[in-house]
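Visitor: I'd like a close look at the aromatic side chains in this one. Could you take me through how the rings sit against each other and what surrounds them?

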Amino acid sequence: MHIPVTNKKLYNQQMKKVNFIHLRSKLPLLLLVFLLTFSTTIYSQDAAADNAAAGGDVAAGEALFKANCAACHKLDKKAVGPALRGVGDKFDRDWLHKWIRNSQALIASGDAQAIKLFEENNKAIMTAFPALSDADIDDILAYVDQPKAEPAPAAAGAAPADGTAASGGGSVSNTLVIGALALIFLLLVIMLYLVTNTLKRIAEANGVVYEEKEKGTPIWKAFVQNQFLVLVFTVFLLLAAAYFGFGYMMQVGVDQGYAPVQPIHYSHKIHAGDNQIDCNFCHSSARKSKHSGIPSLNVCMNCHKNISEVAPETATEEYSKEFYDGEIQKLYKAVGWDAENQEYTGKTEPVKWVRIHNLPDFVYFNHSQHVTVAGIACQTCHGEIQEMEVVEQFAPLTMGWCINCHRETNVNLATNEYYAKIHEELSKKYGVEKLTIAEMGGLECGKCHY
Amino acid sequence: MKTLINIGIAIIASATLVSCFNDKKPNYQYFPNMYEPVGYETYGEYRIFPDEQEAMVPPDNTLSRGHTAYDYENSTDGLLRAKQELTYPYPITEENVSAGAQLYTVYCAVCHGDKGDGKGILATREKFLGIPSYADAGRTIVPGGVYHVQVYGLNAMGSYAAQVSEKERWQITMHVMDLKASLKGEPGILETAEAINDSISSLPENKMEAVTASQVDKK
């Protein structure tokens, strides 16, 4: 009775000791965490104090910066204009007021510092902002001069990481659950097998004798002997073979659902869906050419010169922000863009996009006829492109599919005066009010095959 | 035991059948030599071209068909000159303005907004920041400048010369000026068009165009 008690005491003492040791070793870490948690607020308080001295409001400055300056300036990266963080410490405040309100006038007045700055930045003219008051500019400078919030991005980075880990854990646990279920099922099967075996053995040991089933004619022999059944079965087999054979033959050369991996993961969902960029923006030749056109990389660069990374909320469970940023870097590499110095290096390499929609050589198809003349939405043939992260072929692109649409679609005759007479005669001939493409000769072989 | 083996065979067979369907690869073709073109296809990959790329920029010292010369260079000076000197070479008609409006919705409205107030979807989603309104006090938005910026781009805006033709750029310019007028509460471009159109029709080349257009009408 005694021994366990002393043991327990000893145990408790040990526990306490161990606890303390851990706490001591953890104390610096805890302190660090504590510091890190509050360091952001400390920073912002500092910044606020500074700004109070300079008379600037950070929030108002941020709004003004985004509305007026952000088109050309970023805080920590060179864009059209130089990076702006800490610019308030580099120059005299009054001079900055003058520069921002009208830099050209300042340069013209012969200010040495202004001329030097102008020449350093390739003589790019900064837009004048006469509407900004001194207070406005002080607000902007207060926003711009905030120290770079180091811990905040770290925390922000950690939070999504945790989030992805948690969500990743979610998907992992899903597969785990399924795996566990499968394992349990397998175990059950094995157990059942073992149980029957043991039962059998017990039965044998106890001298229980099974009645062996009397062997009649095997089923396949009975089947062969019944000639009618064989005939029916053969006919059925032939029909089934014909049906499936025909189905298989008909899908040869049809690439519906084809979704190859592209050299650069370009998401139509982000561009055409979330950001609602019109299809014709990039595929501009669809309006006036046979081809819808793969946009040349300068079209990408019209926007991506400015957008070098995706917003954190663009990332999905499947594709992380790092992944998307990497894809933008692939674009920069292909087009030869040096993001650091904001200039083209001249070293380009072709991007080998994989063509998805491809008609056989013996078919003629013209995009402009369908897009501009008929005014058909791209989605009619290409599916809900704006929702596709990876584009796949939506339509079968078979002749039957083309013909069907030509038979069913009415042509808009309203604004086409040039053909008014022939339209009228055709309507009379077919006794219809609205003409389909087929009725206007859209099914003639020569329209698409030549 | 036999049934077990049978089931196993069935599972393996269906698995192989399913795994044969691969959406990363194109399907088989009956007669590839009828499907694949003999000539060089647009965007094709052929060894005789530099970088094996059929798509190329025009060779030096050549002009594409329908090319129109543009005399102002891509510089601040060029922009200032274009702002002062350039005017519409096409008459301001309802047709041109509405065509411009359509093109504007496709190419410009994502950033500049449907009303030209700089609040397009890319601006509201903060992908692009600091897009000014056409009625902004610090900027002089005039037809020549609008056209020049479409050709060369300015600051964060890129060149749209590859996507819209010369005439389309002028049509967009008309719509932009129309938007600016409506933002400022001034009468629209069609109402003030007469004076401009008179000066355009006095240009010899446009007279020709007007004559041919009227001939077509008669026919």
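**A look at the rings**

Guide: Let's start with A:Tyr319, which counts as buried because its relative accessibility is 15%; buried means under 20% relative accessible area, exposed over 50%, and partly exposed in between (1.4 Å probe, protein chains only). Keep in mind that this is a predicted model, where local features need pLDDT of at least 70, side-chain atom pairs count only at pLDDT 80 or more, and totals for chains, interfaces and linings use all residues, while side-chain values use heavy atoms, with hydrogens and water left out. As for labels, residues are numbered from 1 along each chain as its sequence is written, and chains are lettered from A and ligands numbered from 1 in the order in which they are written.

Over all chains, the structure holds 18 aromatic pairs. In one of them, the rings of A:Tyr319 and A:Tyr324 have centres 6.0 Å apart and planes at 45 degrees, so this pair is tilted. (Rings of Phe, Tyr and Trp, the last by its six-membered ring, pair if their centres lie within 6.5 Å; planes under 30 degrees apart are stacked, over 60 edge-to-face, the rest tilted.) A:Tyr324 is buried too, because its relative accessibility is 4%.

Next up, A:Trp337 and A:Tyr344 make an edge-to-face pair, at 4.8 Å centre to centre with 65 degrees between the planes. A:Trp337 is buried at 8% relative accessible area, whereas A:Tyr344 is partly exposed at 43%.

Over in chain B, ring pairs tie B:Tyr70, B:Tyr72, B:Tyr88, B:Tyr147, B:Tyr152 and B:Trp170 into a cluster. Of the 219 residues in chain B, 32% are buried. Among its contacts (heavy atoms within 4.5 Å) with a separation of 6 or more, 53% come from residues 24 or more positions apart. Chain B exposes about 14300 Å², with carbon and sulfur atoms supplying 57% of that; accessible areas like this come from the Shrake-Rupley method with a 1.4 Å probe, and for residues only the protein chains shown count as cover.

One more stop, back in chain A: A:Ile190 sits in helix α8, residues 151-205. A:Ile190 is partly exposed, with a relative accessible area of 41%.

Technical notes
Helices (H or I, at least four residues) and strands (E, at least two) are DSSP runs, numbered from the N terminus.
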